[in-house]
Amino acid sequence: MRRRISERGHRVGGAYALTTFARVLPGREDELEAYLEALPTGADSPFARIDTLHIARVQLFRALVHQGPKQRKTDTLRHAHLVFTSTIDGDLEPYLDWLAALVPECDEWWGRCVGYPGRHDRGAFHAWVRSIQARPGLFRSAMPDASVVEVREALALRERVIDFAVEAQGLSAEALQARFRERF
C-alpha cells in the first residue's frame with residue numbers, strides 16, 4: 001500500500017506531481033511562446049502518448065501577477081521561465097524515460113532553456129529535470145488512488161450510461177430492465 005503523502009509533497013496516493021522551472025535563454029521567449037501556442041491539444045497532444053499521465057501543462061512566464069492589496073510588494077522576474085507541471089501514476093524515473101522516448105517535443109520547449117542537455121542522454125536528461133524540479137506548493141489530486149486507465153474506463157462507462165439513458169426514455173419498466181441487462 002502506498003503512503004498518502006510522501007517524497008516531500010510530490011505524492012498523493014498513487015499520483016506523483018512533477019513541477020519544474022527552467023530559465024529561458026535570452027532572446028528565445030517569443031519563438032518559445034509561438035511554439036507552445038502551436039502545440040496540438042486533446043488526443044493529438046504529445047502528452048497523450050504517455051498512458052500514465054493524468055494532466056500536463058507547459059507555460060511560459062514572462063512576469064508575475066500582483067495579487068492585490070494584500071500583497072505588499074510586487075515580485076518581478078529577471079528572466080522568463082518555462083514552467084512544466086504534470087501529474088502521473090507511479091514514480092518519476094519511469095515517467096522521465098517515457099518523456100524522453102515518446103515526447104521529442106521536450107527538445108523544443110526545454111531546448112530553449114539554460115543548460116538543457118537533450119533527451120538522448122537519459123542520465124543527463126534525468127539529472128537536468130531533477131535539477132530544475134520544484135516542490136509543489138499545493139498538490140491535490142481529484143482521484144489520488146485511481147490510475148489513468150481507471151479514470152478512462154470510468155469516463156467510458158459514464159458515456160455508455162448517458163447514451164443508454166437517452167435511448168431508453170419512454171420504455172416500460174420491463175423493457176427498461178431488459179435493455180439495461182442487455183447493455184450492462
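This is a predicted model: local features need pLDDT of at least 70, side-chain atom pairs count only at pLDDT 80 or more; totals for chains, interfaces and linings use all residues.
The domain assignment divides the chain into domain 1 (7–134) and domain 2 (148–183). Between the C-alpha centres of domain 1 and domain 2 the distance is 39 Å.

The largest nonpolar core has 31 residues. Those that touch the most other members are Leu82, Phe84, Tyr95, Leu99, Trp109, Trp110 and Phe125. Two or more residues come from each of strands E3 (15–23), E4 (53–61) and E5 (81–89). H2 gives the most, with five residues. Leucine 99 shows how the core is connected. Neighbours within four places in sequence aside, leucine 99 is in contact with Ile50, Phe84, Cys106, Trp110 and Phe125.

Aromatic rings were examined next. The whole structure holds 13 aromatic pairs. One of them joins phenylalanine 47 and tryptophan 109. Their ring centres lie 5.6 Å apart and their planes meet at 35 degrees, so the pair is tilted. This pair links distant parts of the chain. Phenylalanine 47 sits in the loop between H1 and E4, tryptophan 109 in helix H3, and 62 residues separate them. Both partners fall under the 20% cut-off for burial. Phenylalanine 47 has a relative accessibility of 12% and therefore counts as buried. Tryptophan 109, at 0%, counts as buried too.

A further pair is formed by tyrosine 116 and phenylalanine 125. Here the arrangement is edge-to-face, with 6.3 Å from centre to centre and 80 degrees between the planes. Tyrosine 116 is buried, at 14% relative accessibility. Phenylalanine 125 is buried as well, at 0%. Ring pairs also build a cluster, made up of Phe47, Phe84, Trp109, Trp110, Tyr116, Phe125 and Trp128.

Phe125 and Trp128 lead on to helix H4. The buried residues of H4 are Phe125, His126, Trp128 and Val129. Viewed down the helix axis, these residues fall within an arc of 165 degrees, so they line one face of H4. They pack against E3, H2, H3 and strand E6 (133–134). The N-terminal end of H4 is capped by aspartate 121. One of its side-chain oxygens lies 3.2 Å from the backbone nitrogen of glycine 123.

Key: Residues are numbered from 1 along each chain as its sequence is written. Side-chain values use heavy atoms; hydrogens and water are left out. Domain bounds come from an automatic or database domain assignment. A nonpolar core is a set of buried Ala, Val, Leu, Ile, Met, Phe, Trp, Tyr and Cys residues joined through side-chain atoms within 4.5 Å. Buried means under 20% relative accessible area, exposed over 50%, partly exposed in between (1.4 Å probe, protein chains only). Helices (H or I, at least four residues) and strands (E, at least two) are DSSP runs, numbered from the N terminus. Contact means heavy atoms within 4.5 Å. Rings of Phe, Tyr and Trp (its six-membered ring) pair if their centres lie within 6.5 Å; planes under 30 degrees apart count as stacked, over 60 as edge-to-face and the rest as tilted. The arc is that of the directions from the helix axis to the C-beta atoms. A polar contact is a pair of N or O atoms within 3.5 Å; within protein, one must be able to donate a hydrogen and the other to accept it, and residues adjacent in sequence count only if both atoms are side-chain atoms.
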